[in-house]
Amino acid sequence: MSASSTAEVPFVPKTKVGRITDFVDERVGGSGILREFGRKVFPDHWSFMFGEVALYSFVILLMSGTFLTFFFDPSMAETHYTGSYTPLTNVEMSVAYNSSLNISFDIRGGLFFRQVHHWAALLFVASLGVHMLRVFFTGAFRKPREMNWVVGGVLLILAMAEGFTGYSLPDDLLSGNGLRIIDGVIKSIPVIGTYISFFLFGGEFPGTAIIGRLYVLHILLVPAMILLMIVIHLFMVVVHKHTQYPGPGRNDGNVVGYPLGPVYAAKAGGFFFIVFGVVALMAAMFTINPIWNYGPYDPSPVSAGTQPDWYIGFVDGALRLMPGVVNDFHFEYIIFGHVLTLNVLLPALVPAGIIFTVLFMYPWIERWITKDNREHHVLDRPRNAPTRTAIGVAGFTWYCVMWAAAGSDLIATHFHVALNDVTYWLRTLFFIGPIIAFMVTKRVALALQRKDREIALHGRETGRIVRLPHGEFIEVHAPLDDYKHYKLVGFESPSPLPAEPNEHGVVTPKEKRRAALSKWFFEDRVAPATPAELEAAHGHGHHEAIESGEEHKSLSH
């Protein structure tokens, strides 16, 4: 047989679309990429959807923001309003505020798109924050995902920056007051603060250039950085493979779930339209940021009851909690002719600095304490890492106290209590709230672990009391299925690691500190039931399992 007769016949598409697709594929190699990516397996759990909500919210932001850019004019030049909203007729205002009013009242669908954009921004930051909390509490930040955790932290900061720049663009009284606070914080920075303020605002606040500069940041620089971080994040997810919750057959060497194509591609498409629909419904039903009620920005008045969007609220709350004077101790000094205003500088920078420093460094802090350098692809149940969970809840409580303080005036007026009393209570919670949250959370987690251990050993309580032939009354326990049983016993419970000498036989002070933290981290622990304990417990006569037929008739899961 000749060589020519055995040569492979090249594939020739029969349709026009097929020929175009084949032409593109031969030059870019897209089929191989799609084939590889489409085989990626993703586990199925509702908590993984928070990241998808964040991604879809950002897509909605891009689409609605593109519409708004067609009509918004980021100029601070003075004009007089002549639009449809008669209460502001002939009122002097900036062109930026004038165009924002025109979008709201004179552009068909303008107000709807403004509110879609604002609601999607709030949802984007919220879902991103909840997604990071899920990652933290389940230990998904551990090796090899430390850098992806850092990328998530950068994304969170960029999302807050993007929200603040957009919030300031309408140049109404509410957004102008927010810029005034930022200007005060910048000027409180020693030596260089006034120079930064003059450079940013193009002169003395409010200047005539800030809206245009924020506009460039909002539609160009910050979105580009967010897109870059999202691409890096998704690339790392593909490279490292997806994490999964513990269960039978799941380990650090596999992923149990469904492939991206066609299962997750179809589900993701449907879920995007669900998110879009919910955001659109909120935009159509609920008013947000009614800029026409506030009027144009004027540096002289300050409106009462104003708060920034929730994700910036913790900075405003920290500023409200900071006292100007404690007894005779003042927080403002003049050093070498420069004013040092600690009662603005400290609350504006220190809490945020602590939060994000701990956030970025935590994967390496925990790895140093535990000396655990293994790869982890199976997640922890939060109750099985009680100290980590307690740390997370303590930090979240601290954030929430500052966030609530941003609405201290509204708390006082709505509940008819003194503003000073609200401030004093929140100042107290600022210090003791995280401590209480840590202690309560850790005790609750340990109690849940003990309950899990009891259920694993003796089965689930059914509430049925039976009498044995010799007269003894016992409660019948239902046996667990393999999946639930594995979930209760299939986890690690590390013990404290004592200090170890180095290669010279010396226990360094750093190693002693690590050992002390290890003891604090793991001293309170509930070990999972061992196979011997399980065998002994299941053979115990007082905890006989009910028959399978009766379980289905009398029990519900």
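Reader: How many salt bridges does the structure hold?

Author: This is a predicted model, and the structure holds 20 salt bridges. To read one, check the pair of atoms first: a side-chain nitrogen of Lys or Arg has to sit within 4 Å of a carboxyl oxygen of Asp or Glu. Take Asp380 and Arg142, whose closest N and O atoms are 3.2 Å apart. Asp380 lies in the loop between α14 (342-370) and α15 (386-405), while Arg142 lies in the loop between α6 and α7, so this pair ties together parts that are 238 residues apart in sequence.

Reader: Are Asp380 and Arg142 buried or exposed?

Author: For that you look at relative accessible area, where under 20% counts as buried. Asp380 falls in that class, and so does Arg142.

Reader: Which residues are linked with Asp380 in a network of salt bridges?

Author: Look for charged residues joined through shared partners. Here Arg142, Glu366, Asp380 and Arg388 are linked in such a network.

Reader: OK, and which residue does Arg383 meet in a salt bridge?

Author: Asp452, with 2.9 Å from N to O. Arg383 is in the loop between α14 and α15 and Asp452 is in helix α17, so the two tie together parts that are 69 residues apart in sequence.

Reader: What about Asp524 and Arg443, where do they lie?

Author: Their side chains meet in a salt bridge too, at 2.9 Å from N to O. Asp524 is in the loop between α19 (509-522) and α20 (531-538) and Arg443 is in helix α17, which makes this a link between distant parts of the chain, 81 residues apart. As for accessibility, Asp524 has 32% and is partly exposed; Arg443, at 43%, is partly exposed as well.

Reader: Let's move to the backbone. Where do I find a cis peptide bond?

Author: Go by omega. From Lys143 to Pro144 the peptide bond is cis, with omega near 10 degrees. Pro144 belongs to the loop between α6 (110-138) and α7 (146-168). Phe205 and Pro206 are also joined by a cis peptide bond, and there omega is about 0 degrees. You'll find Pro206 in the loop between α9 (193-201) and α10 (210-240).

Reader: Which residue other than glycine has a positive phi?

Author: Phi is the angle to check, along with the residue type. Val191 is one case, with phi near 65 degrees, and its place is in the loop between α8 (173-187) and α9. His416 is another residue other than glycine with a positive value, near 55 degrees. His416 sits in the loop between α16 (408-415) and α17 (419-458). His416 is also exposed, having a relative accessible area of 71%.

Reader: Last topic: which residues does the "transmembrane region" annotation cover?

Author: The label comes from an unreviewed UniProt entry, and the stretches it covers include 53-72, 181-203 and 424-441. Then look at what the chain does in a stretch. Over residues 53-72 the chain is 85% helix and 0% strand, with the end C-alpha atoms 27 Å apart. Over residues 181-203 the chain is 70% helix and 0% strand, and the end C-alpha atoms are 16 Å apart. Val191, with its positive phi, is in the loop between α8 and α9.

Note on methods. Residues numbered from 1 in each chain as written. Predicted model: local features only at pLDDT ≥ 70, side-chain atom pairs only at ≥ 80, totals over all residues. Heavy atoms only, no water. Helix = DSSP H or I, 4+ residues; strand = E, 2+ residues; numbered from the N terminus. Buried < 20%, exposed > 50% of the residue type's maximum accessible area, 1.4 Å probe, protein only. UniProt positions renumbered as here; feature names shortened; annotations may be inferred.
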